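Please brief me on this protein model.

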Amino acid sequence: MTQGSESVRFGKSTTDTVLHRFEQWARDTPRARAVTAGPESLAYGELDARANRLADRLLASGLPPGGLVAVGTARQAELLVGLLAVLKAGGVYTVIDVENPRIGQRQLGAAAPFVLLTHGTHQAALDTGSGLRVIGLGAEAAGIAEQPSEPPAAPAPGRTAAVLFTGAAEPRAVPVGHGLLLAAYEGWAEVARLTPQDRHLITAGPDVTAFAAGWTRALCSGGALVLAPRSPWTPQDIAAAVETEHVTVLHTDPAGAVDLLIRRGEPGTGIPKPRRETDPALRSLRLVAVCGDRLYLDEQATLQGRLRPGARVLNVYGLAESAGTGTWFELPQLPGPLDDPEEVSLLGTPFPGCRVEVRDREIRLTPQDGGDAIPTGDLGLLREDGLLEFGGRLRDRITLSDGRTLDPYPIESAIRRHEGVGGVIVNGIDGSRGPRRLVAYAAPPPGGPSWPAGASLPDIEELRDHLAGKVLREETPRAVIRLRALPRNRAGQEDRDALPLPILPVPAAARRGGSRSGKYGAATGEGAAPASCAAGCGGVGLGFVAFVLTNLFWPGSTDLSGVPQPWAFLLALLHLCECAAFGAGVVFLFGGRARMRRHRRGPALTAAAHLAVAYLLLSWWPQDNFYRLAAKQDWPRQAALVYTFNIPLMIAGIVVAAYVIAKPADPFDFDD
């Protein structure tokens, strides 16, 4: 069978689908590049032929019409072969995350596929114990049927083509029909003005909607799809691929766009390097589509300024239920400049065929294939200029102690007006005592802590001053946790579940005494490390002094002349350890309480534990010297030593145990 006949064998239906669009390009331009993955590249004809052979194998395995096939591999070229083969065999595809096997197993459980297409290296990690049938990809796909199977009938537009997953921690399977998948591509083709000369790069993971449905933007328009040489993409990988492969259309999330266009990690260090002008290596880019999370106007304008004149930046809002379409916005849609662009995120206007409405403040989206409007769980408003404005997410709402609910988005937007803040999340934290408190997690602007010059992340006092008159006093965060960057999940969204728990900042009185918070997160003062070194040296010095003074206070207590070896050596070593413990105890007595207070066990218990630990360290030196000089039958002295030293040692141990198991105090009590 020739390559040409293979190309048309599975594409003879007149029903228009994304598969039909791809096969048309495979017939018309078989030698045009379709896929580039590092040193490997596939032309349209070759990609089509490999997909046909795998489709034969799927049909020979008994895949029923509309049967669900899960495809999971880190080799993205093989992944595309698998997706096309499933469609050619009349099946339904879904993409499984193999980089995170736990998520992949959950996806398999949610989708319940007929068969799994994967490589042997991933099979064991994805094994859920359900006896799922597995077919190998690539060189592992041995035993291809010699006689081609009968191709399936043309699918109806409403029949399911793919099952996509939402980006939640517990993925939800969303079926998408052939008609919607094609309509989503056509909407993208119109908005992005796709051409066969385009080279596309999608930074999202293969199981995320941006890739699982977005591959059609390249392969249905005759363009080329640039794939990751390794997964996941790093900023250096993206920059290198854009430069070497002359990428024209980049599909990414806000963090990916910032890493590429505004800052670039120094090789081998991961340290952001600010960029303030267009990089000649990125001049091939004509369009950057940013999706996955909110993008503020000031961020979008900054990204736009890093591209060559005429290039575009789109803020895209889409759902898995609409195959990645929804609304889109670019700066020329604005009728005029807006005040405070740091507080506004515009979602713009619907994709062709989509409809958007706001009901009870919630955005509802109707995909291109019609049906009922889908409640998105996101808040918004339709402005007078006809543009849709983002207003937060229902799932981010915070329930306060008095039962009221609070939308953190307006507070976050107000905080972003501070010149030292680039990204911020306001979260509700339950204290061990008292009501729930608000905490602001702040990250610097893309250019780093000194962007713009002189700006820095605010502390809690500065933040309160900044929010005065903008936010109600009871809605002002009680603490600031300063981060290098906000955490994000696989879908590119800010991940509130991955935020660190707040660490007790040093009270104002203590800060005046010399300790202050660090630049990122709560930290000890700048002199903490030198102070620790000085304390250690001081403890050694005091231990040496105790060793010298032993014979002055207890003459003869260290006389080992009548003790044979090795026991004499062991007893001498024990004496040195007692002296060292005494020196450490003196240092801890005068310097340990400040550090213990950070554990928030309460002032009384902290003071008792501080003295108990100091006693446990201090007492061994005098105790053993007294014992060595006491006669075994001197019962009055033995009893006095026991009650002077051993009983307090037991009490000290009980106090330390109580301190260890005590529940920490509310981390916000210091702030009242």
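The points below are grouped by topic.

This is a predicted model, in which local features need pLDDT of at least 70 and side-chain atom pairs count only at pLDDT 80 or more, while totals for chains, interfaces and linings use all residues. Residues are numbered from 1 along each chain as its sequence is written, and side-chain values use heavy atoms, with hydrogens and water left out.

**Overall make-up**

- The protein has 21 helices and 26 strands (DSSP runs numbered from the N terminus: helices are H or I with at least four residues, strands are E with at least two).
- Of its 672 residues, 50% count as buried (buried means under 20% relative accessible area, exposed over 50%, partly exposed in between, with a 1.4 Å probe and protein chains only).
- Among contacts with a separation of 6 or more, 64% are between residues 24 or more positions apart (a contact means heavy atoms within 4.5 Å).
- The accessible surface comes to about 30,400 Å², and carbon and sulfur atoms hold 57% of that surface (Shrake-Rupley method, 1.4 Å probe; for residues, only the protein chains shown count as cover).

**Surface patches**

- Patches are made of residues with over 30% relative accessible area and no salt bridge, joining like charges within 9 Å and nonpolar side chains (Val, Leu, Ile, Met, Phe, Trp, Tyr) within 5 Å.
- A nonpolar patch consists of Trp-567, Phe-569, Leu-570, Leu-573 and Leu-576, which together have about 530 Å² of accessible area.
- Trp-567 belongs to helix α17 (residues 567-591) and is exposed, at 51% relative accessible area.
- Glu-419, Asp-459, Glu-462 and Asp-465 make up a negative patch (Asp and Glu count as negative, Lys and Arg as positive; His and the chain ends are not counted).
- Glu-419 sits in the loop between α13 (408-415) and β24 (423-429).

**Salt bridges**

- The structure holds 29 salt bridges (a side-chain nitrogen of Lys or Arg within 4 Å of a carboxyl oxygen of Asp or Glu).
- Arg-33 pairs with Glu-245 at 3.5 Å, N to O; Arg-33 is in strand β1 (residues 33-37) and Glu-245 in helix α10 (residues 235-245), so the bridge ties together parts that are 212 residues apart in sequence.
- Arg-199 also forms a salt bridge with Glu-245, at 3.8 Å, N to O; because Arg-199 lies in strand β9 (residues 199-202) and Glu-245 in helix α10, this pair ties together parts 46 residues apart in sequence.
- Glu-245 is buried at 16% relative accessibility, whereas Arg-33 at 36% and Arg-199 at 23% are partly exposed.
- Asp-385, partly exposed at 31% relative accessible area, bridges to Arg-383 with the closest N and O atoms 3.3 Å apart.
- Salt bridges with shared partners link Arg-294, Asp-396, Glu-412, Glu-494 and Arg-496 into one network.

- Most residues other than glycine have a negative phi.
- Asp-360 has a positive phi near 55°, and Arg-361 has a positive phi of about 70°.
- Asp-360 lies in the loop between β18 (355-359) and β19 (362-366), and Arg-361 is placed in the loop between β18 and β19.
- Asp-360 is exposed at 74% relative accessible area, while Arg-361 is partly exposed at 44%.
- Asp-372, in the loop between β19 and β20 (374-382), is exposed at 70% relative accessible area.
- Leaving aside residues up to four places away in sequence, Asp-372 touches Leu-365 and Thr-366.

Notes: Charge placed at Lys NZ, Arg CZ, Asp CG, Glu CD.
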